[in-house]
Amino acid sequence: MRTLHSLESDLSATPATHASPSHQHESAERHVSGTARYVDDLPLPAGTLHLAIGMSEVAHATLDSLALDAVRAAPGVVCVLSASDIPGHRDVGPVFPGDPLLVSDRISHHGQALFVVAAESERAARQAARLAKVAVTPLPLTLDPCQAASRGDLVRPTHTQARLANGRAATRESVSERLARSAWQLDGELESGGQEHFYLESQAALALPGEDDEMLVHSSSQHPSEVQKLIAEVLGVPFHAITVETRRMGGGFGGKETQAAPVACLAALVARRTGRAARLRLPRNDDMRLTGKRHPFHHRYQFGVDDSGRIDTAIIELTGDCGHSPDLSDAIVDRAMFHADNAYYLGNAHVRGIRARTNVASNTAFRGFGGPQGMLAIEAAMEDIARRLGRDPLEIRKRNLYCEGRETTHYGQHVNQYPLLTTLIDQLEAQGDYWARRAEIRAFNAANPVVKKGLALTPVKFGISFTAKHLNQAGALVHVYTDGSVQVNHGGTEMGQGLHTKITQVAVRELGLSVDRVRITATRTDKVPNTSPTAASSGADLNGMATRDACLRLKARLLDFAAEHLAQPRASLSLDDGELHGPSGVLMTWGELIQAAYLERISLSEKGFYATPDIHYDRESGTGHPFYYYAFGAALCEVVVDTLSGEYRLESAEILHDVGDSLNPAIDIGQIEGGFVQGMGWLTTEELKWNEDGRLLTDGPATYKIPAISDVPDGAITVRLLEGHPNSAASIYRSKAVGEPPFMLAISVWAALRDALASLTDYRRAVRLDTPATPERVMLAAREQRDWQEQHATAGAEPTQVPS
Amino acid sequence: MIDFTLNGHARRLPAPAPGTTTLEALRTSLGHTGTKEGCASGDCGACTIALQVPGQPMTTVNACLMPAHQLQDCELITIEGLSNETATSSLSPVQQALVTTHASQCGFCTPGIAMSLAVLHADHQLRSAEGESLDAARRDQMIDHALGGNLCRCTGYRPIREAAHRLLQGEFGPATLLSSGQAACQPATGEANSASRRERDSELEASGTFHRPTRLEELLALRAAHPQAPLIAGGTDLMLEYTQRLRDFPALIDTTRVAALGTIEEGEHAGQAGWWIGAAVTYRQLMPLLREHYPEGADLLTRLGSEQIRNRGTLGGNIGNASPIGDMPPLLIALEAYLQLMSVDGERILKLEDFFLDYKRTQLMPDEIIHSLFLPRPVHNQRLAVHKLSKRRDDDISTLLGVFAWRRDASGHAQHWRVAFGGMAGIPARAPHLEALLSRETLESLTPAQLDTLTRHRIEQAIQADFSPLSDVRGSREYRLLAASHLVPRVAQRIHNERHATAPLMPLESLDAYLAQS
């Protein structure tokens with residue numbers, strides 16, 4: 001450029017301030033004023049086509065013929081494409097094949113995409129999509145994962161982690177042998193239901209064709225690089241022809257990690273074919289029928305326990321309902337296995353993970369990624385043990401926490417910072433007045449035959465890192481412009497979790513600037529390439545470090561330049577408050593420094609990179625160090641239950657959570673509260689139901705019930721961050737990941753429901769309570785407890801021992 | 001043409017197809033993309049807007065369920081109209097509150113939440129000015145009701161509730177969404193977007209007719225002339241045909257402008273005093289009457305749908321669509337309500353319980369309309385117990401609904417039972433066997449703790465004699481039968497507790513009783 005921007009306005013600007021740690025979400029003002037743009041809010045070019053997907057009305061069949069003439073002839077329809085119209089790859093499976101973009105021969109779930117209609121309006125496209133004549137030959141249907149597993153119908157091979165307490169490798173036989181020697185043996189079974197993501201913004205993409213084979217695709221995706229890859233493969237063009245942009249998502253929760261890609265691919269396919277812009281936004285019901293959900297699991301467990309209630313042996317079998325294809329199920333069932341211990345030392349352990357194939361939409365990533373499901377069995381067992389031994393569940397939980405000499409997981413990783421588990425539980429126990437409340441609740445329950453209260457304090461330990469090692473990398477790109485404004489781009493995506501806000505804070509901190517100087521722009525594959533999904537809670541860990549790397553390089557170059565330019569000792573220079581500081585005070589403003597550097601032809605742009613160190617896992621032996629570190633938390637929960645109707649309500653939840661040194665307390669607390677309530681929904685009212693033909697019946701918010709505001713009463717949830725315990729691993733500013741771990745704090749709600757139900761038997765019997773624990777399930781469980789109590793009334797209650 | 005006011009500016013919209021929703025009109029022709037579509041079924045609240053029908057207060061509405069034609073003469077405020085760009089901060093108090101409390105994460109539900117809060121803020125201010133006493137507990141209840149139909153998947157609601165509380169306490173200044181004629185600035189982005197989306201107007205091009213009669217005779221004539229054309233009032237059920245099943249309506253007949261259908265008048269029928277309630281009276285308009293005379297019915301009403309639904313849905317609609325799980329019919333059947341049907345040929349009056357014939361089939365003839373409902377006044381010593389069971393407490397449809405009405409005789413015993421259930425059969429219906437059993441028993445002795453196996457069994461038998469419910473997505477047959485029979489000891493405990501009101505610490509009969517007490 002020939003002239004530089006006048007810095008006068010900058011010089012008179014308000015003094016630069018650092019981001020307050022709890023700086024508001026970077027888009028907060030846009031959110032509240034309706035100006036934050038989501039994919040479907042973008043202005044459309046003239047001639048944009050609107051798409052609808054033609055979906056299967058059967059769950060399992062061979063597709064004999066697809067007659068689309070009536071669809072093509074419908075008013076407003078411009079083109080109709082099916083599998084044979086795809087020029088490149090037809091399979092968009094993210095890791096393993098199995099996910100046809102459009103079905104060509106075998107239909108494997110109800111609602112599967114058969115063809116795509118492009119029309120002049122969305123309504124015309126949707127109405128036309130219903131006119132297809134689909135001829136099929138039905139095939140036998142499997143909806144039960146255990147049935148599928150018993151037939152050996154698996155999407156991926158079974159994996160086992162087996163280890164003896166002495167550290168030696170184990171077999172099922174050797175662990176069973178140890179189990180037989182335990183003082184007490186308990187076994188149980190449990191079903192946990194799936195969960196619809198219910199991001200408020202459904203899947204959406206807008207494809208804008210460019211010159212030749214080029215295309216820009218706006219996608220509501222947690223993984224723009226994979227969307228780019230898959231579009232390129234589907235269209236049969238090099239990756240460099242495709243650019244994918246994600247400014248923000250209206251919620252993701254894992255549901256836009258792989259499930260966004262088919263929507264974007266279909267839009268790109270139509271755009272390529274017609275040369276016109278193409279937009280596809282799934283109507284809610286289509287979204288719920290077409291896309292995968294959290295995996296339902298079947299849990300089978302056997303525990304050997306000593307007289308004090310301490311587990312010495314564990315045999316856990318987890319069967320994940322993967323749906324019709326592998327998608328991410330291999331890693332999800334792995335993560336369930338990695339979390340089968342939750343926060344407890346297992347001793348001799350045999351953990352098996354089975355990946356069953358059923359004829360439903362392919363289940364996929366969802367906050368916690370199998371971890372929540374993995375923890376359920378052992379948390380169920382904690383109560384089972386307590387009732388069997390006549391002790392309080394909290395006592396049993398505390399006795400089993402990882403502790404000195406018992407600090408290695410069943411996959412051989414040493415649990416760093418394990419003492420925090422005891423710290424968290426002890427603090428909550430004291431601050432929540434656990435034993436006094438326990439006594440109050442017993443008195444309340446004794447006086448009320450119908451309405452019962454329950455209490456539970458449960459811990460969470462969650463491993464941080466992608467278990468697929470190569471995903472633990474990130475890139476960032478930092479530009480400084482000659483007015484001193486800074487643009488940061490990184491590989492992570494914003495889905496509401498405040499990632500861009502945290503990354504802004506990293507840049508601001510490293511460059512000594514105020515927040516208003518730094519802007520994060522939309523995630524784009526042409527700015528930072530080959531990125532990993534924003535998933536596994538890793539967004540800030542990975543991209544924060546990459547951004548820091550870029551900023552440090554840039555800062556070093558600027559200070560080198562300044563030292564020479566101003567003839568000052570390099571070591572005495574620093575950037576702070578938007579100024580260059582030297583031995584004698586302020587030398588120049590940031591803007592002046594940047595302009596001077598520009599005139600001296602110093603590069604004002606830098607990229608950064610980060611790869612997580614020290615992680616590995618050996619699948620052959622089922623051992624390794626898959627996690628860079630663990631995040632911890634605990635929740636103390638009280639519920640009140642109407643045992644005649646099964647209705648219940650959360651009375652209070654006190655949460656204490658470990659985020660290391662928080663990057664932004666307000667955002668972290670928001671993640672904890674939101675995760676907790678989402679987890680509560682998973683375990684209570686969010687029930688997915690299919691009919692016998694495999695059709696999803698709960699395909700909209702009229703029948704699928706996520707928590708509403710009255711499910712979270714005023715003042716019910718209090719969250720505190722554990723202070724004074726920075727991450728022992730060298731993460732970004734010693735913080736810890738926060739996206740997923742709090743989700744599992746909600747297990748305390750379910751445990752409290754079981755506690756209330758146990759009161760019906762004078763706390764002598766633990767009742768099986770599958771999840772979601774809907775009012776129906778709670779009422780039927782209460783009935784079972786009452787019947788048991790009537791039969792065993794004469795046996796006499798052994799009072800639970802309460803430590804003084 | 002549809003003429004209305006949008007964010008303070010007069011607007012004219014070419015008449016779209018009869019079913020075209022306000023949300024479609026906003027996001028396409030009008031270029032106002034701040035209002036979001038989350039479900040297009042009135043269940044999530046992302047599309048909440050503020051609407052003022054002439055002569056009525058400003059209320060929240062789901063734009064996805066409201067035909068654009070009903071905007072005629074109305075004042076509409078969207079999220080784009082909430083900001084006040086002339087003030088020092090362009091954010092309105094509601095918006096400032098949400099930013100301050102970190103109440104948005106992904107932001108997609110936020111515009112709808114902001115609109116619900118803005119209307120709540122104005123409503124609260126109005127009530128305060130009228131001298132209503134609004135303590136923290138009452139404010140919290142208002143917040144639950146105002147936001148019950150706005151789903152948020154990210155925050156867990158705590159910061160949203162905090163924003164609401166601080167807003168109502170006046171921390172962010174007075175409400176700005178008060179009267180008509182407010183001239184909010186038209187945001188430039190909306191206009192630009194509108195231009196770029198002009199071609200999408202083709203989506204909204206009209207075919208068909210939206211009839212908007214204002215006189216009863218006109219309505220009856222239209223009904224007779226177009227027996228296939230659906231009647232529409234709030235559209236909270238009918239519009240799902242358009243948005244979910246993609247049915248196009250060649251014609252719709254709007255009942256909301258017919259004055260006679262929108263009033264509540266005292267009167268009498270069959271020797272009883274009571275009220276004639278017009279079929280197009282909304283749940284919101286019905287609320288004060290129930291609150292005063294049938295408070296248990298008013299409590300039920302607060303759990304019917306969401307505020308947005310209650311602002312639009314009508315009594316006539318709830319009865320006319322003959323859903324087995326409508327919330328009003330079991331209540332009204334238990335209260336011995338009558339229905340007045342009308343056509344060009346005249347009128348007839350029948351008992352509400354006789355109106356329902358079979359699943360979604362009623363006595364209504366193709367040329368008839370529901371004109372009004374007669375609700376008798378409560379008689380002396382009348383008691384009412386209403387129990388709605390649903391998967392989620394608020395904004396959910398009943399799995400089952402049991403309504404028990406009885407009278408206390410001079411000696412304090414319960415007599416004259418009328419019991420009606422929803423969700424237990426293809427239609428809302430009375431439970432004659434259970435009524436007979438209750439009349440025989442001295443229910444006062446049947447507290448849940450004392451309920452013996454034999455009595456339990458007899459109650460279950462009576463329920464099974466009355467109903468054979470289906471298993472469906474909301475609950476199994478087994479749950480419905482058991483939960484229905486479990487309502488009896490609840491009612492018994494309540495009667496017992498009332499008789500011993502002076503005794504300390506009676507056991508609570510239900511979660512509702514617990515919540516009412518705490």
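1. In this predicted model, 98 residues of chain A are in contact with 90 residues of chain B. The size of an interface is often given as the accessible area lost when the parts come together. Here chain A and chain B bury about 7,800 Å² between them, with 54% of it on carbon and sulfur atoms.

2. The polar side of the interface can be counted in two ways. There are 13 salt bridges between chain A and chain B, and 49 residue pairs in polar contact, both residues at pLDDT 80 or more. Helix α18 of chain A, residues 665–683, supplies eight residues, the largest share of the side of chain A that touches chain B. By class, that side of chain A has 40 nonpolar, 29 polar and 29 charged residues.

3. A:E687 pairs with B:K391, and their closest N and O atoms are 2.8 Å apart. The side chains of B:E460 and A:R783 also meet in a salt bridge, at 3.0 Å from N to O. B:E460 lies in helix α16 of chain B (residues 453–466) and A:R783 in helix α20 of chain A (residues 775–791), so this pair joins two chains. B:E460 counts as buried because its relative accessibility is 16%, under the 20% cut-off.

4. Linked in it are A:D40, A:D41, A:E122, A:R279 and A:R281, together with B:R27, B:K36 and B:E37. Over all chains, the structure holds 91 salt bridges.

5. Within chain A, A:D334 forms a salt bridge with A:R355, the closest N and O atoms being 3.1 Å apart. A:D334 is in helix α10 (residues 329–338) and A:R355 in strand β15 (residues 348–356), so the pair ties together parts of chain A that are 21 residues apart in sequence. Both partners are buried: A:D334 has 7% relative accessibility, and A:R355 has a relative accessible area of 0%.

6. A:R754 and A:D384 have their closest N and O atoms 2.8 Å apart. A:R754 belongs to helix α19 and A:D384 to helix α11, so the pair ties together parts that are 370 residues apart in sequence. A:R754 is buried at a relative accessible area of 4%, and A:D384 is buried at 12%.

7. The buried residues are A:P393, A:L394, A:E395, A:I396, A:R397 and A:N400. They pack against β14 (311–321), α11 (371–389), α13 (419–431), α14 (434–447), β16 (451–464) and α19 (747–758) of chain A. At the start of α12, a side-chain oxygen of A:D392 comes to within 2.9 Å of the backbone nitrogen of A:L394.

8. A:Q222 sits in the loop between β10 (215–219) and α7 (224–235) of chain A. A:Q222 counts as buried because its relative accessibility is 2%. A polar atom of its side chain lies 2.9 Å from the backbone nitrogen of A:G254. Not counting residues up to four places away in sequence, A:Q222 touches A:G254 and others, including A:M249, A:F253, A:K256, A:T493, A:M495 and A:P533.

9. A:A260 is found in helix α8 of chain A, residues 260–274, and is buried at 2% relative accessibility. Leaving aside neighbours within four places in sequence, A:A260 is in contact with A:Q203, A:S219, A:S220, A:S221 and A:G255. A:A260 and A:P224 are 36 residues apart in sequence, with their C-alpha atoms 9.0 Å apart in space.

10. The count of aromatic pairs over all chains comes to 20. One of them is B:F404 with B:W417, an edge-to-face pair at 6.5 Å centre to centre and 90° between the planes. B:F404 is in strand β17 (residues 400–408) and B:W417 in strand β18 (residues 414–422) of chain B, 13 residues apart. B:F404 is buried at a relative accessible area of 0%, and B:W417 is buried at 5%. In chain A, A:F338, A:Y411, A:Y617, A:F627 and A:Y630 form one aromatic cluster.

Technical notes: Residues are numbered from 1 along each chain as its sequence is written. Chains are lettered from A and ligands numbered from 1 in the order in which they are written. This is a predicted model: local features need pLDDT of at least 70, side-chain atom pairs count only at pLDDT 80 or more; totals for chains, interfaces and linings use all residues. Side-chain values use heavy atoms; hydrogens and water are left out. Contact means heavy atoms within 4.5 Å. Buried area is the accessible area (1.4 Å probe) that two parts lose on being put together, summed over both. A salt bridge is a side-chain nitrogen of Lys or Arg within 4 Å of a carboxyl oxygen of Asp or Glu. A polar contact is a pair of N or O atoms within 3.5 Å; within protein, one must be able to donate a hydrogen and the other to accept it, and residues adjacent in sequence count only if both atoms are side-chain atoms. Helices (H or I, at least four residues) and strands (E, at least two) are DSSP runs, numbered from the N terminus. Ala, Val, Leu, Ile, Met, Phe, Trp, Tyr, Cys and Pro count as nonpolar, Asp, Glu, Lys and Arg as charged, and the others, Gly among them, as polar. Buried means under 20% relative accessible area, exposed over 50%, partly exposed in between (1.4 Å probe, protein chains only). Rings of Phe, Tyr and Trp (its six-membered ring) pair if their centres lie within 6.5 Å; planes under 30 degrees apart count as stacked, over 60 as edge-to-face and the rest as tilted.
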